[in-house]
Amino acid sequence: MTAQPSQPVVLVTGAAKRLGREIALALAAGGWRVAVHYRDSANDAIKTVADCALLSGAAAAFDADLGDEAAVRALLPRVVAHFGQVDAVVNNASTFEHDTAASFGFASLDKHLRSNTGAAIVLAQALHAHVTARNASGAVVNLLDQKLWNQNPDFFSYTLSKAALEAAGTMLALALAPQLRVVGVAPGLTLSSHLLSDEQFAARHQLSPLGRSSTPADVAATVKFALENTSITGTTLLVDGGQHLMKFERDFSLM
Ligand SMILES: NC(=O)c1ccc[n+]([C@@H]2O[C@H](COP(=O)([O-])OP(=O)(O)OC[C@H]3O[C@@H](n4cnc5c(N)ncnc54)[C@H](OP(=O)(O)O)[C@@H]3O)[C@@H](O)[C@H]2O)c1
C-alpha cells in the first residue's frame with residue numbers, strides 16, 4: 001500500500017512494544033501514518049514500523065530519551081521533517097519504577113516527572129505550534145492510569161507524575177484550544193510485568209465489577225476514538241472494567 005499525503009500522521013511514544021505497539025497498529029489499521037518513538041527497543045521499533053507500514057503505507061522510527069528536554073524538543077520537528085506534518089501525539093511512554101512514601105526522593109520524582117509529565121507537555125506544546133502554523137487542528141492523547149481514581153501508596157512517584165499529567169491535560173485543553181484537543185485515556189491492569197506470574201496476572205485482571213479489566217485492543221480502540229472524535233477534550237476516558245470504582249490497598253503487582 002502506498003501512503004497518501006491526505007493520511008494523517010500520529011507520533012506514538014514508547015511504541016516499540018506492549019501497549020504503544022498495539023496503539024500504533026490500531027492507528028495504522030485506521031489509515032494513520034505512524035511515527036514510532038522508542039528509546040532502547042530499537043529492534044522492536046523496526047518490527048512495529050514494518051507492521052504499521054503494511055497497514056497504512058508509511059511509518060518510521062524515531063529514538064529519543066524523554067528524560068532529556070533537548071531531545072524531547074527535537075522530536076516533533078524530526079517527525080515533521082520526515083512526514084511533512086504531524087496531526088496527533090499519543091503520550092504513551094512511561095517510566096514505572098517502584099517507590100513508596102518511605103523510599104521517595106527527589107531523584108525518583110525527577111525521573112518520573114521528566115518522562116511521564118514534562119515530555120508529554122512539551123510534545124503538546126510543540127504540536128500546538130506546528131498545527132497553528134499550518135492553520136490546522138490536532139489532538140493529544142495522554143495515557144493515564146485507573147489508579148489515579150483508586151489510589152494506593154505503591155509506585156509513589158509514578159502516581160504523582162500521572163496525577164500531574166491528568167491536571168496538565170485539563171490546563172492544556174483550555175490553553176491550546178481551539179487548535180488542539182487533549183484527552184486522557186486511563187487503562188486498568190492491561191499487561192503483566194516481571195513482578196507477576198501468568199496466574200497472578202489472570203486473577204488480578206478479573207478483579208473488577210465487570211470481571212475483566214482492559215485488553216490492549218480495548219485501550220488502542222479508545223485512543224483511536226479519542227483522536228478521531230472531534231468534540232472530546234479536557235476529559236479522561238477510563239478503560240478498566242470499572243477497577244477505578246473499587247479499592248485496592250496495594251498496587252496489582254504487589255498485592
Ligand atoms: N500496562 C498496563 O497494564 C497499564 C496500566 C495502566 C496504565 N498504563 C499506561 O499505559 C502506558 C503504556 O503502558 P506499558 O505497560 O505498555 O508501558 P511500559 O512497557 O512500562 O513502557 C513503554 C515504553 O516507554 C518507554 N520509555 C520509558 N521511559 C522512557 C524515557 N525516559 N524515554 C523514552 N522512552 C521511555 C520505553 O521504551 P523503550 O523500550 O524503547 O526504552 C518503554 O518500552 C503507560 O503510560 C502506562 O502508564 C499501562
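**View 1. Pro178 sits in the loop between α5 (156-175) and β6 (180-187).** Helices here are DSSP runs of H or I with at least four residues, strands are runs of E with at least two, and both are numbered from the N terminus. The peptide bond from Ala177 to Pro178 is cis, with omega near 5 degrees. As background, most peptide bonds are trans. Two notes before moving on: this is a predicted model, where local features need pLDDT of at least 70 and side-chain atom pairs count only at pLDDT 80 or more, while totals for chains, interfaces and linings use all residues. Residues are numbered from 1 along each chain as its sequence is written.

**View 2. Here is an open sheet of seven strands, in the order β3-β2-β1-β4-β5-β6-β7.** The pairing is parallel, and two strands count as a pair if DSSP finds at least two bridges between them. At the edges are β3 (59-63) and β7 (235-239), each pairing on one side only. Neighbouring strands are turned by 20 degrees against each other on average, ignoring direction. For such angles, axes are lines fitted to C-alpha atoms (for helices, over the stretch in contact), and values run from 0 to 180 degrees between N-to-C directions. Helix α5 lies across β5, β6 and β7, running at about 160 degrees to β6.

**View 3. Zoom in on two of the parallel pairings.** Strand β1 (residues 9-12) is joined to β2 by four bridges, and Leu11 has Ala35 in β2 as its bridge partner. Four bridges also join β4 (residues 88-91) to β5; there, Val89 stands opposite Val140 in β5.

**View 4. Strand β2 (residues 33-38) is mostly covered, with six of its six residues buried.** Buried means 20 or more other C-beta atoms within 10 Å of a residue's own, exposed means 12 or fewer, and partly exposed is in between, with C-beta atoms placed from the backbone. Arg33, Ala35 and His37 point one way from β2, and Val34, Val36 and Tyr38 point the other way.

**View 5. Val34 is among the residues with the most contacts inside the largest nonpolar core.** A nonpolar core is a set of buried Ala, Val, Leu, Ile, Met, Phe, Trp, Tyr and Cys residues joined through C-beta atoms within 7 Å. Its largest share, eight residues, comes from α4. Leaving out residues up to four places away in sequence, Val34 touches Val10, Val12, Ala24, Leu27, Ala28, Cys52, Ser56 and Ala59; contact means C-beta atoms, placed from the backbone, within 7 Å.

**View 6. Around the ligand there are 25 residues, and the closest are Gly14, Arg18, Leu19, Arg39 and Ser94.** Arg18 lies in α1 (residues 18-29) and has a positive phi, near 55 degrees. Arg18 is partly exposed, with 17 other C-beta atoms within 10 Å.

**View 7. Asn135 is in the loop between α4 (106-133) and β5 (138-143).** Phi of Asn135 is near 55 degrees, a positive value in a residue other than glycine. Most residues other than glycine have a negative phi. Asn135 counts as exposed because it has 7 C-beta neighbours inside 10 Å.

How values were computed:
A residue is near a molecule or strand if its C-beta atom, placed from the backbone, lies within 6 Å of it. Two residues are in contact if their C-beta atoms, placed from the backbone, lie within 7 Å.
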